[in-house]
Each structure stands twice: as structure tokens, then as C-alpha cells.
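Me: Before I rely on any label attached to this model, I would like to see each one set against the rule behind it. Could you take me through them in turn?

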Amino acid sequence: MRQKYISEPFVEERAEQPYVGIPIVAGLSEWDEVNGLVGELFDWLKKRGIKPAGAPFFRYWCMGDSEGKYKMEVGVPVKRMVSVDERVVASYIPGGSYLRALHKGHPDELEKSLDALEQWAIHEGLDIDKRWEGEDEIWNGRFEFYVTDPETEPDLNKWAIEIAFLLMRDDAA
């Protein structure tokens with residue numbers, strides 16, 4: 001696979017990982033609000049003396065409905081499950097096999113990398129863990145991990161974003 005923005009894809013087994021997150025339903029015009037939830041989560045963790053156990057991420061449950069709204073969570077991995085409140089939820093990144101690649105460049109170009117990774121999976125005969133409910137495409141594990149810290153690298157063109165798609169288990173196919 002030769003794409004301008006994406007590294008060579010690979011499959012990796014990952015253990016289950018607890019996280020805290022804030023669910024949101026948003027369209028692209030509301031992405032500033034989505035991005036703002038990252039800081040809110042870090043503030044929430046800091047007030048409780050909880051250290052993040054990895055990069056913040058977006059978890060997509062539904063890739064846009066008839067109104068173009070994404071059902072998603074903005075999350076931060078933690079070492080163990082924690083008590084939450086009415087706004088912040090606790091959950092797990094599922095364990096299993098993930099198709100992964102690294103998007104290198106501006107987040108506005110991320111869609112090209114996502115499409116390329118999904119096409120690579122199809123070409124390789126990999127079954128992504130997703131399903132259709134009516135018109136809605138539901139993903140059980142679609143993640144974007146924002147591995148570049150914007151405080152240390154403000155140039156969006158130099159960002160790295162890990163893309164991870166959960167694959168179907170062999171016994172679930």
C-alpha cells in the first residue's frame with residue numbers, strides 16, 4: 001500500500017484497556033465541540049488524581065446517520081476502571097485483533113487514510129467487526145488515537161494519528 005499519509009498496515013493483538021470517555025453525537029460542523037472534550041477529560045482526570053494510561057482517542061460507534069451525525073465517544077485510557085459521573089462514562093477498549101496503521105499529516109487528510117485502511121482490509125480478506133442496523137453502520141471497535149501532543153507539536157501537518165479497527169474473531173464470523 002503506497003499512500004501519502006498512511007504507514008504500512010499491520011494486525012496486532014491487543015489486551016482489553018479500561019478508559020473514561022464522554023459520549024457525543026455530532027456532525028462535522030460541531031467538531032470544535034468534539035475536540036474540546038479532550039481537554040475536559042484531562043481536566044476531569046487531573047481533579048481526581050488519575051493519570052492517563054495512553055493517548056486520547058475518538059471511538060466511533062456509528063459513522064454518520066441520515067443527518068450526518070457521528071455517534072462516538074472521546075476517551076482517554078486509564079490503568080483501571082474508575083468511578084464516573086453523569087457526564088463521564090467508564091468502559092473498555094475491547095481486546096482482540098486490530099488492524100492498525102499510522103496516519104501522518106493534517107487531521108483534515110485523515111479520511112483518506114481511513115478509506116485506504118478499510119480498502120486494504122477488504123483486499124486482504126480481513127473482516128472488520130461492524131454491522132448494519134438499517135441505514136446506520138455500527139462499529140464495535142473503530143478508534144483514532146491522537147498520539148501527537150498538540151502542546152509539543154502545534155503544526156497539524158506533523159501530527160501522527162493511530163488508526164485501529166477491531167477485527168471479527170474467527171469464532172464470530
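**Labels and the rules behind them**

Reply: The secondary structure of the protein comes to 2 helices and 9 strands, where helices (H or I, at least four residues) and strands (E, at least two) are DSSP runs, numbered from the N terminus. From the N terminus on, the elements run β-β-α-β-β-β-β-α-β-β-β. This is a predicted model, in which local features need pLDDT of at least 70 and side-chain atom pairs count only at pLDDT 80 or more, while totals for chains, interfaces and linings use all residues. Residues are numbered from 1 along each chain as its sequence is written, and side-chain values use heavy atoms, with hydrogens and water left out.

Me: How do you know that the radius of gyration of the protein agrees with that of a compact globule?

Reply: The radius of gyration is taken over C-alpha atoms, and the globule rule is 2.2 Å times the number of residues to the power 0.38. With 173 residues the rule gives a value near 16 Å, and the protein has 16 Å, so the two agree. Along its principal axes the C-alpha trace spans about 45 × 40 × 35 Å.

Me: What share of the contacts with a separation of 6 or more comes from residues 24 or more positions apart?

Reply: Such residues account for 72% of those contacts, a contact meaning heavy atoms within 4.5 Å.

Me: Which residues of α1 are buried, and what covers them?

Reply: Buried means under 20% relative accessible area, exposed over 50%, and partly exposed in between (1.4 Å probe, protein chains only). In α1 the label falls on Trp-31, Val-34, Leu-37, Leu-41, Trp-44 and Leu-45. An α-helix has 3.6 residues a turn, so residues three or four places apart point the same way. The cover of these buried residues of α1 includes β2 (17-26), β3 (57-62) and β4 (70-77). In α2 the buried residues include Leu-110, Leu-114, Leu-117 and Trp-120, and the buried residues of that helix pack against β6 (96-104), β7 (130-133), β8 (136-146) and β9 (160-166).

Me: Why is β4 called largely enclosed?

Reply: Of its 8 residues, 7 are buried, so β4 is largely enclosed by the rest of the structure. Two strands pair if DSSP finds at least two bridges between them; β2 and β4 meet this rule with 8 bridges in the antiparallel sense, Gly-21 having Gly-75 of β4 as its bridge partner. Strands β3 and β4, which run antiparallel, are joined by 5 bridges, and Tyr-60 stands opposite Met-72 in β4.

Me: Why is the contact between Glu-12 and Arg-100 called a salt bridge?

Reply: A salt bridge is a side-chain nitrogen of Lys or Arg within 4 Å of a carboxyl oxygen of Asp or Glu. The closest N and O atoms of Glu-12 and Arg-100 are 1.9 Å apart, and the pair forms a salt bridge. The pair links distant parts of the chain, with Glu-12 in strand β1 (residues 10-14) and Arg-100 in strand β6, 88 residues apart. Arg-100 is buried, with a relative accessible area of 13%, whereas Glu-12, at 30%, counts as partly exposed. Glu-12, Arg-14, Arg-100 and Glu-162 are linked in a network of salt bridges, and the count for the protein comes to 11 salt bridges.

Me: What makes Glu-118 count as buried, and which residue does its side chain meet in a salt bridge?

Reply: Glu-118 has 17% relative accessibility and therefore counts as buried. Its side chain meets that of Lys-130 in a salt bridge (2.4 Å, N to O). Lys-130 lies in strand β7 and Glu-118 in helix α2, so the pair ties together parts that are 12 residues apart in sequence. Lys-130 is partly exposed, with a relative accessible area of 25%.
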